[in-house]
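Visitor: I am new to this structure and would like to learn how to read it. Could you walk me through some of its features?

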Amino acid sequence: MKKLKIAGWIFFILVALIVIAGFSLVQILKPNYDGVVDTPGLKADVTVYYDTYGIPHIYAKNDADAFRTLGYVHAQDRLWQMELLRRIARGGLSEVFGRDLLETDKFMLSLGIDEATKRTLATLDTNSDMVRDAKAYLDGINQFVEEGPTPIEFHLTSLEKQPFTLEDVLNTIGYMSFSFAMAHKTDPLLTNIQNKLGSEYLADLAIDVDTNTVWIKNYKVHTDVIPAEAVTAVHHALDKLPVPQFIGSNSWVLGPEKTKNGKVILANDPHIGFSQPSVWYEAHVVTPEYEKYGYHMAGIPFPLLAHDRKLAYGLTMFENDDIDFYQEELNPDNPEEYRDAENWKPLKRINKTIKVKDSTSVDFSYAQTSRGPLLKGVFEPLDSLPPVSMSWSYTRLDNRVLNALYGISHATNITEFESHLPDIHAPGLNVMYGDAEGNVAWWATASLYEMPEEANTKMILQANAGEDPIRYLDFSENPSAVNPPWGYVYSANNQTNSVAGLKIPGYYLPENRAKRIVELLEPKSDWDRESVGEMILDVTSSVNPGVAQELLSLLDIESLDESKSDLSKKLAVWDGNNELSSVEAPLYHRWIYYLLKNTLEDELGEELFKQVLTTHFNKRMIAPLSRNENSIWWDDVDTDQAKESRSEIVQRSFEDAWTSLENDLGSEPSAWTWDKLHTLEHEHPIGQVPSMRDFFNVGPFPVHGTREVINNLAFPYDESGVFKVNAGPSTRRVIDFSDIENSMSILPTGQSGNPLSEHYEDQAEMYVNGQFRKMMINKKEIQDQALSVLRFKPKK
């Protein structure tokens, strides 16, 4: 008995030691939100008040001290995210995740972002205020890198922390710019469809500028078939990126005549791929010369979205086409030369070494023409094809995007703000603006260019065939609307009016969200913060009910049994709402998937059909295709019978959708509710390991909404029939200048990217439930409600 007691005490002590060690480890690795940090280079004391949701409110005596402090607090919550983002453009993901990311690293290196960054660094004015503040921000990050606890992800991947540089900032901006682009997913694919099937098959794919859609209004005062494997290689390289890509966005700004209190209200919800941690880091920074409540990307010192008491701004994606592909001609006698006009010129060869986790390093080389990098040699399936180069505005033109972010964040009025927008050459953005003086504005920012009339930029162009840009437009020619007479501006990634007599080619999203936004905004002139908050959560489609009614009109009603007939009747009067209890939404989306599959896959094959489903034009084509009785796509080329009709394909697709729902959810249609199929899980890169999922991932949650509604909780169509949300509002913001201190927002998960922080997922359930929280800017309120205070003092 005595031995048993001793053994019991030993076991108890061991358990206690393990608990104490675990608790101590958690305390060591979690962010530090209170105490004192001795900071080299600091000129005066800085105080950081953390509010209920872990958002830092930074009060400093000068700008450099404020940005140095911002760098430190940003790093302690998001260092792992910063690390991944800075690695993408320089091909550094294989060093973290192994050979599985090697093709992704090769592709990202071949874009030339890293080389463009080096050129930009050589032209920076190192004495400018912008560079001073950016370096101060980096100093703060690097102090945390050197002194702060190492995030758990670094331990799990055996990665050593390294200092951050201006090169990392610019490379992160470069990746952000690329993630807006759709050309890599679209142009080679459309070229392949044309060459394989003929140009008549492109007519019904909604790839051109559409004159019959809802437009954003201005107001101013070749023959080779590309193998499916080659197109797929690009998609797979992008799919493996461990960080989200930018998808689309909504924003509207209401002028005084449209609001109850006669003051401007700005709403913005940029749509980005969901991940954990979420994209934005909120910070309120105050000095005698500067104040902004801003949304920062990891590793970028200046906010992309922000407001203060004077003005507010937000962003959506313009979706203009700023990437063109050219089929090049190599010298048959010397493959290191290419034709440029009438002459052979040497290719520029770029040599890189890619470090690979648990393996030897890989030497990688790619070539460049005067138009841009060759994709030949990047992916093995492309090696047997004629060489194709990529011309991208971001890497071809001078890069002043960081200057623009600094400038707009320091502007104090609409004139100053607009003066910095020409510095955004790429990516194409819709910049949304409102201020306390009653101004509302929208500007499309990008270095737009005019192409020859015969050049189809949605296809691979021919080098040396007169298909190069004719001229770049002056910024004054870009689409914009400043204080328009209709009283508001908006953007939902839909196409803009033509400008300078030119239609602007792009990868625009369908009119669905734009149509709903205009439908709600036009008749109402007493908007307030609460009603705008309700609108940003709207889950009703103005387009889908019309598509459903068109398809239902083609069904053989007499052939339907009672269950099918009853649900079809519900779908016929469906208002397009996508609440969790909806039974119409599951049937509609399953039906659309099978309609696309039965219409397109026989001509395209399985792999190219999957690629079409990832494009923007796939979303644009659904409504017009459903109305087009004579589309060439309706015929099933896999059958020997006479040409199939639209009605036959619609009927077959309905039956396929019904069978799939019965198989997945049972025989009772009343149980086919949206909450069983439409779910959101915020995935961490390491959460892909099954044993790590519960620790790193957040969710899953059943969630209201669907793709291409205002509350755009989007998902891909695929064979699974499960509509797993992969992108949506990365924040929801409502800025009300009639009560600026009660403006509100929400993040998808939480402020911190550290799984051990109490702010890792403290907003997740609020987000899926459509709740908001206050963005505090009143100093006394901030001080009174602060949960903790972190003080930074000059290091002696």
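Visitor: Which side chains meet in a salt bridge at 2.9 Å, N to O?

Guide: In this predicted model, the side chains of arginine 86 and glutamate 83 do. To read such a pair, look for a side-chain nitrogen of Lys or Arg within 4 Å of a carboxyl oxygen of Asp or Glu. Next, check where the partners sit in the chain. Arginine 86 and glutamate 83 are three residues apart in helix H2, so about one helical turn separates them.

Visitor: Are arginine 86 and glutamate 83 buried or exposed?

Guide: Both arginine 86 and glutamate 83 are buried.

Visitor: How exposed are the partners glutamate 147 and lysine 795, whose side chains meet in a salt bridge?

Guide: Partly exposed is the term for each. Glutamate 147 has 41% relative accessibility, and lysine 795 has a relative accessible area of 49%. Their salt bridge has an N to O distance of 3.9 Å. Elsewhere, salt bridges with shared partners link Glu83, Arg86, Arg87, Glu95 and Asp168 into one network.

Visitor: How many salt bridges does a search of the whole structure find?

Guide: The search finds 46.

Visitor: What is the nearest side chain of opposite charge to arginine 733, which is buried yet has no salt bridge?

Guide: That is glutamate 282, 7.6 Å away. Arginine 733 lies in strand E28, residues 732–736, and its side chain reaches the backbone oxygen of alanine 306 at 3.3 Å. Setting aside neighbours within four places in sequence, the residues in contact with arginine 733 include Leu266, Asn268, Tyr295, His307, Tyr313, Ile536 and Met744.

Visitor: Which backbone oxygen lies 3.1 Å from a polar atom of the side chain of lysine 258?

Guide: The backbone oxygen of glutamate 522 does. Lysine 258 is in the loop between strand E4 (246–254) and strand E5 (265–273), and lysine 258 counts as buried because its relative accessible area is 5%.

Visitor: How far apart are lysine 258 and lysine 524 in sequence and in space?

Guide: They are 266 residues apart in sequence, and 7.0 Å apart in space from C-alpha to C-alpha. Not counting residues up to four places away in sequence, lysine 258 touches Lys524 along with others, among them Trp486, Tyr488, Leu521, Glu522 and Trp527.

Visitor: What describes two packed helices?

Guide: The angle between their axes and the distance between the axes describe them. Take helix H8 (residues 166–179) and helix H12 (residues 401–410): they pack at about 90°, and their axes are 10 Å apart. H8 and H12 are therefore roughly perpendicular to each other. Val169, Leu170 and Ile173 of H8 make the contact with Val401, Leu402 and Leu405 of H12.

Visitor: At what angle do the axes of helix H18 and helix H20 cross?

Guide: They cross at roughly 90°, coming within 12 Å, with H18 covering residues 584–604 and H20 covering residues 616–627. That makes H18 roughly perpendicular to H20. On the H18 side, Ile592, Leu596, Thr599 and Leu600 meet Asn618, Met621, Ile622 and Leu625 in H20.

Visitor: Let us turn to the backbone. Which peptide bond is cis, with omega near 5°?

Guide: The bond from alanine 426 to proline 427 is. Proline 427 falls in the loop between helix H13 (414–419) and strand E17 (429–435). Another cis peptide bond runs from glycine 699 to proline 700, where omega is near 10°. Proline 700 lies in strand E25, residues 698–702.

Visitor: Where does serine 158 lie?

Guide: Serine 158 is in the loop between helix H7 (152–157) and H8. Its phi is near 55°, which is a positive value in a residue other than glycine. With a relative accessible area of 59%, serine 158 is exposed.

Definitions and conventions: Residues numbered from 1 in each chain as written. Predicted model: local features only at pLDDT ≥ 70, side-chain atom pairs only at ≥ 80, totals over all residues. Heavy atoms only, no water. Helix = DSSP H or I, 4+ residues; strand = E, 2+ residues; numbered from the N terminus. Buried < 20%, exposed > 50% of the residue type's maximum accessible area, 1.4 Å probe, protein only. Lys, Arg positive; Asp, Glu negative; His and termini not counted. Polar contact = N/O pair within 3.5 Å; in protein donor to acceptor, adjacent residues only side chain to side chain. Contact = heavy atoms within 4.5 Å. Axes fitted to C-alpha atoms, helices over the stretch in contact; angles between N-to-C directions. Parallel < 35°, antiparallel > 145°, perpendicular 65-115°, else oblique.
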